[in-house]
Amino acid sequence: MVFSVALLLQYCGVPQPSASTATAITSRVDSLLSVMTVEEKVGQMTQVTIDLILEDDETTVVDMEKLRTALLEKNVGSILNVKGSAYTIDQWHEILTAIQTVATEESHLGIPVIYGIDAIHGANYIKGSTLFPHNIGTAASRNPEIARRIAEITAAETRAAGLPWNFDPVLDIGRQPLWPRFEETFGEDVYLVKTMGVATIRGYEQDGLNQDHTVASCMKHFLGYSLPATGKDRTPSYIPETMLREWVLPPFKAAVEAGAATVMINSGEVNGVPVHGSKYYLTTILRDELGFEGVAVSDWEDVIRLHTRHRVAATPKEAVRIAVEAGLDMSMVPVDYSFYDLLVELVKEGTISEERIDVSVRRILNLKEKLGLLDNPFPKEELKNRLQLPEYDNVARQAALESLTLLKNEGQALPLDKNTKVLVAGPGANSLGTLHSSWSYIWQGSDESQYPEKALTIVEALRNELGQANVLSRSVADFEAEANYNIAQLKQDARDVQAIILCLGEKAYAESPGVIDDLNMDEKQLALARAAKETGKPVILVLTQGRPRIISSIEPDMSAVLLAYRPSTFGGPAIADVLFGDHNPGGVLPFTYPRYSGDVVLYDHKGTERIREDKPNTYGEGGFNPQWTFGHGLSYTTFEFSDLKVNKTSFGAGDELEVSVRVKNTGARAGQKAVELYSRDLYASITPAAKRLRAFTKISLSPGEEKEVQFTITPGELAFVNEEGQWVTEAGDFELMVGNLKATTTYVE
Ligand code: BGC
């Protein structure tokens with residue numbers, strides 16, 4: 001049967017629109033709203049986890065009695081997540097068919113459920129799906145087009161499973177390297193986060209939500225989640241208004257402009273105010289200022305936590321009132337029905353008006369309508385073959401290749417000759433977990449048995465490429481296993497090889513389990529590096545990690561350093577391709593890699609952040625001393641910039657600046673180069689940053705080839721947020737910089 005809410009409404013005697021125009025959409029939703037009970041409305045605002053409707057912990061079989069409790073007794077309008085690990089496409093179809101059958105055939109109005117999932121770096125909750133590099137690596141590619149393509153594939157696979165809503169992308173800015181979700185960010189620069197974030201949303205939603213290959217995106221986590229003062233997950237952030245507006249808000253603003261359908265709220269608190277309870281953030285900024293009209297969903301359990309954790313609500317009921325009054329549309333409750341019961345009470349007793357909940361329910365129904373769920377919410381059999389296509393693998397491999405960032409290459413230690421016999425050592429050498437990390441078939445990404453056969457560890461990929469005999473390794477999958485840290489063995493094995501590929505970094509983790517107390521790489525791994533150096537063989541360090549773990553004590557001992565971030569399914573072969581020269585690396589850092597844990601100074605620091613009065617004669621200069629700065633990344637060829645020009649020596653409000661630069665490949669290999677335009681405001685009423693990224697592109701050049709790159713910049717793109725919280729471009733001189741070149745222009749009001 002093809003289900004249609006319209007048919008049901010007709011049956012209930014509710015007048016129906018004739019055409020599916022935008023107005024008609026509103027009318028259909030209005031018609032539904034006009035006949036819904038308070039309970040049905042509150043149910044739409046309630047999201048629960050799949051655990052509540054499954055038979056038991058071991059199966060994916062839906063317990064029909066539990067499902068009816070959720071959908072018919074509690075009127076639940078949304079469900080999320082997997083229990084345990086990824087499901088096959090058949091399991092998803094069975095689960096969703098059961099849910100939508102009860103929703104459409106047995107409930108009063110037949111409103112379907114909207115199912116949401118975290119398809120982060122690929123459709124990670126569909127068994128066997130290809131996974132792409134985490135955002136931090138995609139940002140290193142400086143290729144928004146590949147971010148868009150990744151999102152398109154993720155959307156197609158997610159929708160093929162019958163899932164229309166993806167809790168992605170993360171638009172939190174990566175400026176606190178301790179934060180365990182750093183790998184989910186696009187790095188420290190706001191322009192980069194904004195550009196990659198918008199590309200991702202376009203990939204998910206494309207030109208409309210009601211398509212077999214699109215999903216509703218969910219920009220998250222609004223607002224300020226990634227900047228906890230201590231670096232610990234879900235702990236307080238303190239963000240001055242100027243910073244909030246200049247660094248934190250713009251990616252969300254751009255996402256709203258790009259049409260993002262939904263938003264998820266930050267679990268934490270900003271300046272002492274839990275965001276879930278803040279009318280200022282959820283209504284004044286999100287709705288009134290940004291003009292967001294989509295659905296705002298809470299994060300996991302965060303409404304009740306206004307009472308249990310944040311203690312701004314004296315009772316659970318008070319917590320529900322505060323969150324709804326602040327502007328929340330849907331509560332990811334998700335492990336019980338408390339939100340539903342309490343909100344029904346609050347509306348019935350008149351504490352919260354029915355008009356208020358109508359606003360949220362209308363948004364939720366609009367979303368269901370736009371996704372086509374009101375016409376047909378069932379998974380489509382014919383989409384099953386849209387899964388795991390070979391072309392998806394090509395994109396994943398390309399994305400991994402473009403993300404890899406060569407940080408050091410002393411004496412051109414890399415690429416290695418393919419006849420080199422290597423020892424591949426360290427905890428990262430034979431682990432799929434470290435290549436994938438969070439949201440990889442299970443939440444933590446730590447179950448090696450979940451990975452598909454096509455995913456190869458670094459050792460496996462190297463053996464494929466160089467032959468078994470040339471690759472010696474004793475590393476095992478379990479990152480923490482003692483075998484991975486055996487110094488005596490490493491020294492003995494090194495005698496038989498010409499180079500050591502040392503794979504260090506971080507094990508898989510997601511969210512709070514990834515919390516650390518120290519940004520320094522742990523001593524066990526550093527000891528391995530020192531031992532490797534003592535063998536006298538060249539040591540190539542390969543880092544698979546989600547954040548910059550400090551390695552300054554061993555870096556001088558390493559001949560080369562390759563940062564792989566979390567490259568996922570094709571990370572192993574991509575790393576092998578770079579190490580042995582089949583691919584010329586072009587990734588550049590999306591964050592500043594600190595040299596010391598107590599010296600985290602970002603590339604766009606204030607001039608005064610460099611002051612170090614303990615270093616005579618370096619005032620204003622001595623304090624920016626990272627291991628590697630934002631934008632750093634080497635190649636096997638060399639590039640030269642020349643002829644940086646700006647078309648106007650002075651410009652005004654209505655003008656555009658045309659900036660051009662010539663880029664030449666001066667080496668012997670073809671390569672890709674990220675060309676980045678930075679600006680520096682020489683004097684401003686708020687202390688100006690040392691430099692700010694304003695535009696970037698990536699070009700390919702064959703040996704000897706030269707190209708001109710052009711950027712267009714408006715005065716608005718050189719603006720900053722002043723003391724009054726307003727965006728301004730102040731009169732005065734600006735430097736525009738590409739590489740080590742500089743051009744100056746003056747803004748005249
Ligand atoms: C995370 C969100 C995620 C949600 C649902 C939370 O713990 O913070 O990013 O979307 O769980 O899985």
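How far does a polar side-chain atom of Arg181 lie from an oxygen atom of the ligand? The distance is 2.7 Å. This is a predicted model, in which local features need pLDDT of at least 70, side-chain atom pairs count only at pLDDT 80 or more, and totals for chains, interfaces and linings use all residues. Residues are numbered from 1 along each chain as its sequence is written, and side-chain values use heavy atoms, with hydrogens and water left out.

**The ligand site**

Start with the ligand. It has 13 residues around it. Asp118, Arg181, His221, Arg234 and Asp299 come nearest. Here, "near" means that one heavy atom of the residue lies within 4 Å of the molecule or strand.

| Residue | Distance from its polar side-chain atom to a ligand oxygen |
|---|---|
| Asp118 | 2.5 Å |
| Arg181 | 2.7 Å |

On its own, the ligand has 310 Å² of accessible area, and the protein covers 94% of it. Such areas come from the Shrake-Rupley method with a 1.4 Å probe; for residues, only the protein chains shown count as cover.

The shell holds six nonpolar residues, one polar and six charged. Ala, Val, Leu, Ile, Met, Phe, Trp, Tyr, Cys and Pro count as nonpolar, Asp, Glu, Lys and Arg as charged, and the others, Gly among them, as polar.

**Backbone features**

His221 returns here. A cis peptide bond joins Lys220 to His221, with omega about 0 degrees. His221 is found in strand β5 (residues 218-222). Helices (H or I, at least four residues) and strands (E, at least two) are DSSP runs, numbered from the N terminus.

Another cis bond runs from Leu414 to Pro415, with omega near -5 degrees. Pro415 lies in the loop between β11 (405-409) and β12 (422-425).

Trp439 has a positive phi, near 55 degrees, although it is not glycine. This residue is found in the loop between α17 (432-436) and α18.

**A helix pair**

Helix α18 (residues 458-466) packs against helix α21 (residues 571-579) at about 55 degrees, with axes 8 Å apart. Therefore α18 is oblique to α21. Angles under 35 degrees count as roughly parallel, over 145 as roughly antiparallel, 65 to 115 as roughly perpendicular and the rest as oblique. Axes are lines fitted to C-alpha atoms, for helices over the stretch in contact, and angles run from 0 to 180 degrees between N-to-C directions.

Technical notes. Polar contact = N/O pair within 3.5 Å; in protein donor to acceptor, adjacent residues only side chain to side chain.
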